[in-house]
Amino acid sequence: MLTSGMDLKTDPQLADEFDHLLNAVNSLEMAALKQGNGFSPVLEAAPLDAANEVTFPANAALTAKVTAELKTTQSDFPLVVNDYVAGFISYFSNSPAGHAHLLRSLERAGKYKEMISKNLRDQGVPQDLIYLAVAESGFQPQALNARSGAGGMWQFMPTGAYGLARNGWFDERFDPEKSSIAYAKYMKTLYNQFGDWYLAMAAYDWGPGNVQRAVMRTGYADFWELYRRNALPGETKNYVPGIIAAIIMAKNPAQYGLDKIEPEPPVISDTMTVDYAIDLRLVADVTDASLLEIVALNPSLLRMTTPRDMSFDLHIPAGMREVFATRIKEIPEDKRASWRFHVVRSGETLDGIAAGLHAHASDIAKTNGLTVDGGVDTGDELVIPVASGASVAGPQRYSVRHGDTVITVADRFGVSVEQLRRWNHLASNVLKPGTSLAIAEPVKLAPATHVRTKAARSKKASHATASTVRAASAHSEKTGPVSKSKAPTATGEKALTTKKQNATHKSK
């Protein structure tokens, strides 16, 4: 639709169809992100999410105890203790679920604390506002609200706010460093607007427009006065005291059973800016890392490959920049989305390496200037040519070789056995050498007055795929920072009950 030349803005029917398509794409993306890619950890509920339905009775003794502790608590954030804050301290202390959620959040914070602290310091934002991530995500970079589409450690909406790019390949809301820079800038903007950190936090949760209207309606630019006058929604009432409670407990770990926490080690990496498609398995190969490690270093990637013809900051293990640059030169740029790299280990053979990486010994030997019978030595660095259905131009087909089965061919090209059998009308897993197999679903043409050539069908399929990616990207670029009163387009269960309707960063 984007490349058709049609006027999508002035034609109501086309505009509606375009919006419908973008909403459908967004829903699928949200569902895929919620399901995960099989390598990322299962996400845990943020502590305040778990506590959202809890009501806290007043406890004068606890309030007095915390008030006394606060006299010796060092913080660059204005801390206060009242029954509301004390109620959350009670929840995080006495509820097994609440305590476990808080403890895991503070453990994960170790991975990003130094980086986030620098970004807060650069913007002149209090260091202890790092604990806002306890409420938003529990310091999980890929946290996602499936209903609203708010995502990342700081739960930004997919609007491109503060330069966070989002397209069909990556989503910088899930990039810990880039999203933390955006968070620090936004909090500074909110503080400059309201002149009060509590109101800035409420605005981050509920939206600055809503908070401003509540202030004008009541005449009180004070969070606690707005709280007492029921001028705030229930979630925002819990949001600010819950974060204050988390700060107080984190600053006094011994008093709250948090002194034995072992923070996870800081995430340290080198960054390589690439503008070509490279499979993360190849990145793992050339950096002597595991695939899990590479996936964890690049949480903003939505696929197992970097984008083609688009700049991307690829994170690799620290100290591997030169090794990466040297080894990747051996692999043609147009093959980096499918080929592999292997350092020969003791006892390995060419046939064994070929079998393990779904390649052929003869192809490996030819690519590396070896003979099939010559053998390999421990420490040899081999480029592994692997055929890829995604990299084949035109109709995607494969000629069966001796020893192939439906299972090995399906595994080689990343499709399921059921798909391969259905596309080729196969009755068993046995394949005859020389048989030509379709390794992608054949194009089904709509009724037409003429027969299209194979080349035309291939071009049409490629164009359709590219258009889908561009449409998703255009949606991100088109919307920009918007009011969060706009109805969410993603599907999924609502994580919390009363959610923000017009906040810039999220709409849960």
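Reader: Which residues form one aromatic cluster?
Author: Happy to start there, and with the ground rules: this is a predicted model, where local features need pLDDT of at least 70, side-chain atom pairs count only at pLDDT 80 or more, and totals for chains, interfaces and linings use all residues. Residues are numbered from 1 along each chain as its sequence is written, and side-chain values use heavy atoms, with hydrogens and water left out. Rings of Phe, Tyr and Trp (its six-membered ring) pair if their centres lie within 6.5 Å; planes under 30 degrees apart count as stacked, over 60 as edge-to-face and the rest as tilted. The cluster consists of F77, Y84, Y198, F223, W224 and Y227.

Reader: Which residue lies over the face of Y227?
Author: A charge sits over a ring if NZ of Lys or CZ of Arg is within 6 Å of the ring centre and within 35 degrees of the ring normal. At 5.2 Å from the ring centre of Y227, the residue is K237.

Reader: And which residue lies over the face of W169?
Author: Here an arginine takes the place over the ring. At 4.1 Å from the ring centre of W169, the residue is R303.

Reader: How many aromatic pairs does the structure hold, and what is the angle between the planes of Y91 and F92?
Author: The structure holds 14 aromatic pairs. Y91 and F92 form a tilted one, 5.4 Å centre to centre, with an angle between the planes of 55°.

Reader: Are F170 and F312 buried or exposed?
Author: Their ring centres are 5.3 Å apart and their planes stand at 50°, so this pair is tilted. F170 lies in the loop between α7 (132-136) and α8 (176-194) and F312 in strand β2 (residues 312-317), so the pair ties together parts that are 142 residues apart in sequence; helices (H or I, at least four residues) and strands (E, at least two) are DSSP runs, numbered from the N terminus. Buried means under 20% relative accessible area, exposed over 50% and partly exposed in between (1.4 Å probe, protein chains only). With a relative accessible area of 5% for F170 and 6% for F312, each residue is buried.

Reader: Which residue stands opposite I316 in β2?
Author: Strand β2 is mostly covered, with five of its six residues buried. β1 (residues 269-274) and β2 pair in the antiparallel sense over six bridges; two strands pair if DSSP finds at least two bridges between them. Opposite I316 stands D270.

Reader: What is the phi of D309, a residue that is not a glycine?
Author: D309 is found in the loop between α14 (291-297) and β2. Its relative accessibility is 69%, so D309 counts as exposed. Its phi is positive, at about 60°.

Reader: Where is N230 found, and what is its relative accessible area?
Author: Phi of N230 is near 55°, a positive value in a residue other than glycine. N230 is found in the loop between α11 (223-228) and α12 (234-251). N230 is exposed, because its relative accessible area is 57%.

Reader: Which residues is S93 in contact with, leaving aside neighbours within four places in sequence?
Author: S93 lies in helix α4 (residues 83-94) and counts as partly exposed, at 29% relative accessibility. S93 and G257 are 164 residues apart in sequence and 7.9 Å apart in space, C-alpha to C-alpha. Contact means heavy atoms within 4.5 Å. With those neighbours set aside, S93 is in contact with H99, M249 and Y256.
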